[in-house]
Amino acid sequence: MEVLQNLEWTPFILTFKVAFITTFLLLIIGIPTAYFLAYSNLKIKSAIEALTALPLVLPPSVLGFYLLLVMGKNGPLGKLWESIVGHQLAFHFEGVVIASVIFSLPFMVHPLIAGFKSIPKSLIEASYTLGKSKLSTLLNVILPNMKASIITGITLTFAHTIGEFGVVLMIGGNIEGETRVVSIAIYDAVEKLDYTTAHIYSAILFVISFFVLLIVYTLNKRLEVKY
Amino acid sequence: MIKIKVRKKLFGYNGEFWLDIDFEIEKNEFLAVFGKSGSGKTTLLRIIAGLEVADEGYIEFDGKVYFDSKKKINLPPQKRNVGFVFQNYALFPNMTVYQNLLYALNDKKKADEILKKVELYQLKDRYPYTLSGGQQQRVALARVLMRNPDILLLDEPLSALDQSIRSKLQEELKNIHKNFGLTSLIVSHDMVEVFKLADRVILINQGKIEKVGKPRDIFIEKPVSGKFSFYGEVIDIKESDIFNIAVIEVNGSLIEIIVDKEIKVGDKVLVGVKGFNPVIKKV
């Protein structure tokens, strides 16, 4: 118990802050992106599809390296950010969030695409012939009937952001209270041969991840749409 | 009056063909488009609703132009006042019966009225998946009635239901058409259904109009001078020396009958009687 009392909780708070913000942003970005990818017939669709799936196959270090080039002191985004906000983007909390959004993009977009594709075309057409706009159809017909996919997207993104390591290390480094999330804190503890701390952090992360996934699978069963 | 003149290239089982159709629908008429599957019937309905675009043509509802390829006018489905009834009902599974109707038009008084008229009022708080197929299709009908459509477009609306419910719903559909003063266009490959419902039939084949007329004139031909005759399909043939014995399905009943060698399995035939002898004729 004494160990737990002396435990540094900041990495956890930071991790969940990153995860919550990333998931929220990705939900906002993911719905229009997935809507486009699920329903569009445009030629550039395949290119965008490939681009969204890229974080699944690229090593986090590759992604992190390029993001560092873009977001660093001399990168285009980094320069712009510094001139507006006053501090640089890389090695700061905001930089980690942007990197996580890009890194976790497929974990939100792919379940959402599957959700959009699961909606029978006739439901959408019925809504149109009843005089409803595309937006009204999206909000009242499509999204409410793909709740399971939305929940899957949210939880996978959340869980994936919690477990992220490589990209955060490349972009954020290991700065206490700013970018030292749990996964990095574990690495840090192991490096310092502080196995007790590493053990506790790991066990907590393990349990949280398990329960997050358990909730997804339970909810998915309950939210199945009945026709 | 509704004027429809459309052309569109379609891709069927036997390669491409042109849907090329020109007809008018009078107010309060119940018109049927009858033809085999793959003849372009459903596409025609979808073009009228604005769910698909014709390559060229013109669609006008009581003077209001919905589509004109020359003037590049093409109203989206939202701006066309049509009531589309889908084969699979297309009820919104996240809404109750009542919410489905109110989504079409937020008018509770009207929803109550329509639900009472089609005898669904006691089911109004149920979700679609708890209803039978026949009930679901009646809800779908009630839903399109909420918006007082200029035309009711029915895409094989009863084909997913079994025979007894289908025949009951045909009656009901006819009553709804009459009581609500609707103009209706049904697409069907069920001869009995078209005969029961429609004032006029357009027979289409490979995208082209073959015949137009009253159901009686279109369907009841008398190629043999028999007392009665039925259409059927050969489903089995037993070979023997001079004649073959065929099993023919006529409206769900099976008939075994002697036929000559020309008749093959899968042929559509007319079975009649002439001078105490059965007559089988290929159609």
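Is A:Glu82 buried, partly exposed or exposed, and at what relative accessibility? I looked this up first: A:Glu82 counts as partly exposed, at 27% relative accessibility. My scale here is buried for under 20% relative accessible area, exposed for over 50%, and partly exposed in between, with a 1.4 Å probe and protein chains only.

**Ground rules**

I am working on a predicted model, where local features need pLDDT of at least 70 and side-chain atom pairs count only at pLDDT 80 or more, while totals for chains, interfaces and linings use all residues. Residues are numbered from 1 along each chain as its sequence is written, chains are lettered from A and ligands numbered from 1 in the order in which they are written, and side-chain values use heavy atoms, with hydrogens and water left out.

**Chain B as a whole**

I began with the overall picture of chain B. Its C-alpha trace spans about 70 × 50 × 30 Å along the principal axes. I noted seven helices and 16 strands in chain B; these are DSSP runs numbered from the N terminus, H or I of at least four residues for helices and E of at least two for strands. Chain B has 283 residues, and 49% of them count as buried. Taking contact as heavy atoms within 4.5 Å, I found that 59% of the chain B contacts with a separation of 6 or more join residues 24 or more positions apart.

**Where chain B meets chain A**

Next I turned to the interface. Here 21 residues of chain B are in contact with 22 residues of chain A. The area buried between the two chains is about 1,900 Å², with 63% of it from carbon and sulfur atoms; this is the accessible area (1.4 Å probe) that two parts lose on being put together, summed over both.

I counted one salt bridge between chain B and chain A, meaning a side-chain nitrogen of Lys or Arg within 4 Å of a carboxyl oxygen of Asp or Glu. A:Glu125 and B:Arg46 form a salt bridge, their closest N and O atoms being 2.6 Å apart. On the chain B side, α1 (41–49), β7 (82–85), α2 (97–104) and α4 (133–145) each supply at least two residues that touch chain A. That side of chain B divides into 15 nonpolar, three polar and three charged residues. In this tally Ala, Val, Leu, Ile, Met, Phe, Trp, Tyr, Cys and Pro are nonpolar, Asp, Glu, Lys and Arg are charged, and the others, Gly among them, are polar.

A:Ser122 was worth a stop. This residue lies in helix α7 (residues 121–129) of chain A and counts as buried at 10% relative accessibility. Not counting residues up to four places away in sequence, A:Ser122 touches B:Phe86, B:Asn88 and B:Ala90. The side chains of A:Ser122 and B:Asn88 are joined by a polar contact of 3.2 Å, that is, a pair of N or O atoms within 3.5 Å; within protein, one must be able to donate a hydrogen and the other to accept it, and residues adjacent in sequence count only if both atoms are side-chain atoms.

**Nonpolar cores**

Which residues touch the most other members of the largest nonpolar core? In this core of 109 residues, they are A:Phe116, B:Ile4, B:Phe23, B:Leu44, B:Leu153 and B:Leu185. Helix α6 (residues 93–118) of chain A gives the largest share, ten residues. By core I mean a set of buried Ala, Val, Leu, Ile, Met, Phe, Trp, Tyr and Cys residues joined through side-chain atoms within 4.5 Å.

**More salt bridges**

In another, the side chains of B:Arg7 and B:Glu56 meet at 3.5 Å, N to O. B:Arg7 sits in strand β1 (residues 2–12) and B:Glu56 in strand β4 (residues 56–61) of chain B, so the pair ties together parts that are 49 residues apart in sequence.

**Last stop: B:Lys268**

B:Lys268 is found in strand β15 (residues 268–274) of chain B and is partly exposed, with a relative accessible area of 46%. Its side chain makes a polar contact of 3.2 Å with the side chain of B:Glu233.
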